[in-house]
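Colleague: I've got the sequence and the model open side by side. Walk me through how the pieces pack, please.

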Amino acid sequence: MNEASVPILRIGGNVLISLQSDLDDTAVVAIESAIMREVSRSRTTGTLIDVSGLAMVDSFIARVIARMAAMTRLLGAETVIVGIQPAVAITLVEMGVSMADLHTALNAEQGMAMLQRLLDGRPARAGEAASPAMR
Amino acid sequence: MTINPDAPARRLQQSYEIMLDSLLDEVIQLDDNGYVLTWNRGAERLKGWTAEEAIGQHVSAFYTDEDVRGGLAERELRNAGEAGRYETEGWRIRKDGSRFWASIVITAMRDPNGELLGFVKMSRDQTERRAADELIRRQRDEILELSTPVIQVWDRVLALPIIGTLDSNRAGRLTEGLLAKIADLEAEFVILDISGVPTIDTQVAQHLLKTVHAARLMGATSILSGVRPETAQAMVHLGIELGTLRSRNTLRDALQLALQMISASSNGVVRHAEALTP
């Protein structure tokens, strides 16, 4: 697959991935393998997935986001989803997509701060984001 | 004294005409093609044309230009002919060219063999009622706007005082307004104050949790405040599960908690930054 189409930035010890709106099945597979390669090669401990470029989501995209977070976590990297737009947040809640066990932050800057806290072994804002109980 | 055999029939006819003319509403007859056959006083009062002027006109003369072009009059008559009766509302035209909002019933008249003779058309001026409806709708919208204010109480801390009951309509607006403010002000904490909510049932709790969940997807942590003792009791009895949502008795306590968490998290960042510097 065309790796140039997958924007993966390295910032400090972290990896930032920007998801764009024109995702289809093949693009997703390409992005996933590119991320996994990058995370394992660089032994990244923190991953930011920026979804601010997504104005709308469907259940497919929602699954993709959750799946990427699960994969990076398996490789030992803390993952924060950043830039979820208001309309997207409402759609996800209405769809009943549970992202309760994912860390989220408003933008890349706050996401980076959250990553540092997570990597410092601190509870993310006293642990709310880490609990899957809220639906 | 001779008895005129027609007298009772004529009297009946006369009283029938008086009845029609006494009506304040328009009651007119149309022939099967939609041309005006009779025109009562109510019609004159409503539309401004006298019977002499109106009789013989096609009914579409009282429709707006757009509706005439769209063939609305013909369509309505066809509907009435097929169904026997047709009810509608719409803008109609007076003689002076002004518009009014009419509520209309068209009934098909058929002879005993089922042959279409024409139509009876009854119309009323509902302009005022329509204006009143619109006013109520506008005011309801305004109340909804007013009833969901989002206040910035501190840097990165928003408060959302909820007053009154939450239905899904209101909860939806509230969530939208809140999320927009979170994005605008880069808020990290949201205090949902429910001291103005009379009762929390499972449905209201469900709405609240949806709002909390949506806010969290945008990276903001919610704190519930203003839970009164009886509300707390009722929520536990109803088995309402708030998950990890933090809750405080008063807005003051909730704000304090938010500030503690903010300072804890920024200390963390500072300490980390210090650790990086040699």
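**Helices, sheets and a buried Met**

Modeller: Let's start in chain A, where helix H4 (residues 108-119) lies across S2, strand S3 (46-50), strand S4 (78-82) and S5, and runs at about 160 degrees to S4(A). Helices (H or I, at least four residues) and strands (E, at least two) are DSSP runs, numbered from the N terminus. Axes are lines fitted to C-alpha atoms, for helices over the stretch in contact, and angles run from 0 to 180 degrees between N-to-C directions. A contact is a pair of residues with C-beta atoms, placed from the backbone, within 7 Å.

Colleague: What should I know about the model and the numbering?

Modeller: It's a predicted model: local features need pLDDT of at least 70, side-chain atom pairs count only at pLDDT 80 or more, and totals for chains, interfaces and linings use all residues. Residues are numbered from 1 along each chain as its sequence is written, while chains are lettered from A and ligands numbered from 1 in the order in which they are written.

Colleague: OK, that chain A sheet. What's the strand order?

Modeller: S1-S2-S3-S4-S5, an open sheet of five strands with mixed pairing. Pairing here takes at least two DSSP bridges between two strands. Strand S1 (8-11) and strand S5 (103-105) of chain A are at the edges with a single partner strand each, so one side of each has no neighbour in the sheet. On average, neighbouring strands of this sheet are turned by 25 degrees against each other, direction ignored.

Colleague: How many bridges join S1(A) and S2(A)?

Modeller: Four, and S1(A) pairs with strand S2 (residues 14-18) of chain A in the antiparallel sense. If you want a pair to click on, A:Leu9 has A:Leu16 in S2(A) as its bridge partner.

Colleague: Switching to chain B. How many helices and strands there?

Modeller: Ten helices and ten strands.

Colleague: How buried is S8(B)?

Modeller: Six of the eight residues of strand S8 (residues 189-196) of chain B are buried, so the strand is largely enclosed by the rest of the structure.

Colleague: At what angle do H7(B) and H8(B) pack?

Modeller: Helix H7 (residues 168-185) and helix H8 (residues 202-217) of chain B pack at about 20 degrees, axes 10 Å apart. That makes H7(B) roughly parallel to H8(B); the cut-offs are under 35 degrees for roughly parallel, over 145 for roughly antiparallel, 65 to 115 for roughly perpendicular, and oblique for the rest.

Colleague: What does H7(B) pack on in chain A?

Modeller: Helix H3 (residues 86-95) of chain A, at an angle of about 135 degrees with the axes 9 Å apart. That makes H3(A) oblique to H7(B). A:Pro86, A:Ala89 and A:Ile90 in H3(A) meet residues of H7(B) including B:Leu179 and B:Ala183.

Colleague: Last one. Is B:Met218 buried or exposed?

Modeller: Buried, with 25 other C-beta atoms within 10 Å. B:Met218 is in the loop between H8 and strand S9 (221-225) of chain B. Leaving aside neighbours within four places in sequence, B:Met218 is in contact with A:Ile84, A:Pro86, A:Ala89, A:Thr104, A:Leu106, B:Leu179, B:Ile182 and B:Ala183. Its C-alpha atom is also 9.6 Å from that of B:Glu186, 32 residues apart along the chain.

Conventions:
A residue is buried if 20 or more other C-beta atoms lie within 10 Å of its own, exposed if 12 or fewer, and partly exposed in between; C-beta atoms are placed from the backbone. Two residues are in contact if their C-beta atoms, placed from the backbone, lie within 7 Å.
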